[in-house]
Each structure stands twice: as structure tokens, then as C-alpha cells.
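Subject: Structure handover

Hello,

Here is the structure for you to look at. Please open it before reading the notes below it.

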Amino acid sequence: MSVGFPRVVVLHGPSLGWLGRREPAVYGSETLAELNARLVSHGDALGLRVSCRQSNHEGELIDWLLSDDREAIILNAGAYAHTSLAIADAIRAIAPLPVVEVHLSNTVARDIARHPAPVGAACRARLEGFGGDGYLMALDAVAGWLRRQ
Ligand code: DQA
């Protein structure tokens with residue numbers, strides 16, 4: 001793929017490295033490596049250069065949010081999505097760079113501790129409950145936004 005294509009960084013937060021073996025009834029059986037391969041290949045089809053990173057550490061996710069290497073971000077902050085004003089502040093700091101929040105599960109249909117969404121409130125859009133396909137839908141949306149810029 002040409003280096004001139006828009007870059008989209010996909011950030012996966014805590015415990016998402018365990019996808020496939022972590023609560024498969026909630027999160028499915030696809031591993032993170034399999035999901036990332038789907039994202040890169042879907043990005044290729046859309047003319048986007050997709051790179052994927054995972055961290056269990058809030059500060060590392062913030063460092064990646066605040067770096068200068070992309071035109072859009074797709075973020076699943078895991079449990080930090082419900083608590084982290086620091087991640088929300090970093091997303092506001094990089095505005096108007098589009099950030100889409102994705103969750104595999106439908107968090108508002110789960111326990112009440114997962115209902116607060118400070119990170120989602122700072123994002124351009126949110127998608128949840130579609131499993132891994134939600135990330136592909138987010139890529140479709142990002143491709144449309146970047147095309148129309
Ligand atoms: C999750 C939902 C969060 O509540 C949870 O803490 C996760 C995964 C999801 O993708 O459904 O780690 O972000």
C-alpha cells in the first residue's frame with residue numbers, strides 16, 4: 001500500500017490482548033491478532049493504512065493518543081472507557097482529529113458500573129454491541145469522513 005494513504009490507528013485497551021480466551025460468551029472467540037488482521041485488510045480495501053496497538057496501561061494509551069502519526073483513531077479503552085477523565089482530556093486535546101469509540105459488547109445493557117461513558121463523550125462517535133464487526137463499521141465511517149474532508 002502507498003505511503004500517501006490516510007493512517008488510522010486502532011488502540012485496544014486493557015485485557016483486550018486476551019480476546020478469544022477472555023469471557024468468550026461476552027466478547028466472542030476471535031483473537032486480537034485475528035481481529036487486527038481483519039482491520040488491516042478492511043483498511044486496505046478502503047484505501048486506509050491501519051495500524052493496531054494494545055496496552056493495559058492508561059498512560060501508554062494517552063501517549064499514543066497524543067502522538068502525531070495518524071489522521072483518525074479508533075479506540076476501545078476497555079474499562080477505562082467508564083472512568084478515565086485523563087483519556088477523555090487527551091481526546092479533547094487532539095480535536096478535531098476524529099476519534100471513534102468502539103466496544104465489542106453493548107455496555108449499557110450490562111452492569112450499571114459500565115454505563116458511565118466519559119471517554120465516549122469526548123469522541124466523535126461511538127459503536128457498541130457489534131462484536132469485532134463494530135471496528136470495521138468504524139473504519140467505514142472514518143473512510144467516509146476522510147474522503148469528504
Ligand atoms: C469492553 C467493555 C468494557 O466495559 C470492558 O471493561 C472491556 C471490554 C468491550 O469492548 O465490550 O474491557 O470495552
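Predicted model: local features only at pLDDT ≥ 70, side-chain atom pairs only at ≥ 80, totals over all residues.

Residues are numbered from 1 along each chain as its sequence is written, and side-chain values use heavy atoms, with hydrogens and water left out.

Cores

A nonpolar core is a set of buried Ala, Val, Leu, Ile, Met, Phe, Trp, Tyr and Cys residues joined through side-chain atoms within 4.5 Å. Buried means under 20% relative accessible area, exposed over 50%, and partly exposed in between (1.4 Å probe, protein chains only). The largest nonpolar core has 23 residues, and Val8, Leu39, Ile74 and Tyr135 touch the most other members. Two or more residues each come from strand 1 (7-12), helix 2 (32-46), strand 3 (72-76), strand 4 (99-103) and helix 6 (133-148). Helices (H or I, at least four residues) and strands (E, at least two) are DSSP runs, numbered from the N terminus. Helix 6 gives the most to this core, seven residues. Apart from this core lies another, of 20 residues, including Leu11 and Ala122.

Helix 4

Which residues of helix 4 (residues 85-93) are buried? They are Ile87, Ala88, Ala90 and Ile91. These residues are on the same side of helix 4, because they cover an arc of only 160 degrees around the axis (the arc is that of the directions from the helix axis to the C-beta atoms). They pack against helix 3 (58-65), strand 3, strand 4 and helix 5 (118-122). Exposed Leu85 and Ala93 are on the face turned away from the buried side.

His103 is in strand 4 and is buried, with a relative accessible area of 6%. Leaving aside neighbours within four places in sequence, its contacts (heavy atoms within 4.5 Å) include Asn76, Gly78 and Phe130.

His103 is also one of the residues that surround the ligand, as are Asn76, Ala79 and Ser105; here a residue counts if one of its heavy atoms lies within 4 Å. An oxygen atom of the ligand is 2.8 Å from a side-chain N or O atom of Asn76. For the side chain of Ser105, the corresponding distance is 2.6 Å. With Ala79, a backbone N or O atom lies 3.2 Å from a ligand oxygen. The protein covers 98% of the 320 Å² of accessible area that the ligand has on its own (Shrake-Rupley method, 1.4 Å probe).

Regards

Notes:
Polar contact = N/O pair within 3.5 Å; in protein donor to acceptor, adjacent residues only side chain to side chain.
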